[in-house]
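This report describes the fold of a single chain, its sheet, its helices and its core. The sequence and structure come first.

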Amino acid sequence: MITAIVLIDCATDSIPEVAEALANLPGVSEVYSVAGHVDLVAMVRVREFDEIAQVIAGSISKVPGVLNTESHIAFRAYSRHDLEVAFAIGLGSTD
């Protein structure tokens, strides 16, 4: 699975409508309304690299109200669960 994090600037008077439209696009797994220098963050998850362009340039950028996007491709995912497992190796109980 390939993950892209897409930072989205949109028309401020249509943030909820843009977020809803983005969340319904194939390949978009989540959309977050955020504070900071962007309005929305979309998580794109696809199987092939070619699909990234289809989802971002072909769909996200064409949603009415989207003004600009900045995309970041994830190389590796880390989660609290993964880190707990990694650091627990060999630290079992001493019976």
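## Contacts of Ile 60

Leaving aside neighbours within four places in sequence, Ile 60 is in contact (heavy atoms within 4.5 Å) with Val 6, Ile 8, Leu 22, Leu 25, Val 28, Val 44, Val 55, Val 66 and Thr 69.

## Basis of the description

Residues are numbered from 1 along each chain as its sequence is written, and side-chain values use heavy atoms, with hydrogens and water left out. The model is predicted: local features need pLDDT of at least 70, side-chain atom pairs count only at pLDDT 80 or more, and totals for chains, interfaces and linings use all residues.

## Overall make-up

The secondary structure of the chain comes to 3 helices and 4 strands. Both kinds of element are DSSP runs numbered from the N terminus, helices being H or I with at least four residues and strands E with at least two. Along the sequence the elements follow the pattern β-α-β-β-α-β-α.

Of the 95 residues in the chain, 29% are buried; buried means under 20% relative accessible area, exposed over 50%, and partly exposed in between, with a 1.4 Å probe and protein chains only. The chain exposes about 6600 Å², of which carbon and sulfur atoms supply 56%. Accessible areas come from the Shrake-Rupley method with a 1.4 Å probe, and for residues only the protein chains shown count as cover. Among contacts with a separation of 6 or more, 67% are between residues 24 or more positions apart.

## The sheet

The 4 strands form an open sheet in the order β2-β3-β1-β4, with antiparallel pairing. Two strands pair if DSSP finds at least two bridges between them. Since β2 and β4 stand at the edges, each with a single partner strand, one side of each is left without a neighbour in the sheet. Neighbouring strands are turned by 20° against each other on average, direction ignored. Axes here are lines fitted to C-alpha atoms, for helices over the stretch in contact, and angles run from 0 to 180 degrees between N-to-C directions.

β1 and β3 are joined in the antiparallel sense over 7 bridges, and Ala 4 stands opposite Val 44 in β3. Strand β2 (residues 28-33) is joined to strand β3 (residues 40-46) by 5 bridges, also antiparallel. Opposite Tyr 32 is Val 41 in β3, and opposite Ser 33 is Leu 40 in β3. β2 and β3 form a hairpin with 6 residues between them, and Gly 36 in the turn has a positive phi of about 125°. β3 is mostly covered, with 6 of its 7 residues buried.

## Helix α1

In helix α1 (residues 15-23), the residues Ile 15, Val 18, Ala 19 and Leu 22 are buried. They lie on the same side of α1, because they cover an arc of only 100° around the axis; the arc is that of the directions from the helix axis to the C-beta atoms. Pro 16, Glu 17 and Glu 20, on the other side of α1, are exposed. The cover over the buried residues of α1 includes β1 (2-10), β2, β3 and β4 (66-73).

## The nonpolar core

A nonpolar core is a set of buried Ala, Val, Leu, Ile, Met, Phe, Trp, Tyr and Cys residues joined through side-chain atoms within 4.5 Å. The largest one has 21 residues, of which Ile 8, Leu 22, Leu 40, Val 44 and Ile 60 touch the most other members. Two or more residues of this core come from each of β1, α1, β3 and α2 (49-56). The most come from β1, which gives 5 residues. In soluble globular proteins, nonpolar side chains tend to be buried together.

## Cys 10

Cys 10 is found in strand β1 and counts as buried because its relative accessibility is 4%. Not counting residues up to four places away in sequence, Cys 10 touches Ile 15, Val 18, Asp 39, Leu 40, Gly 65, Val 66 and Leu 67. Cys 10 and Leu 40 are 30 residues apart in sequence, and their C-alpha atoms are 7.7 Å apart in space.
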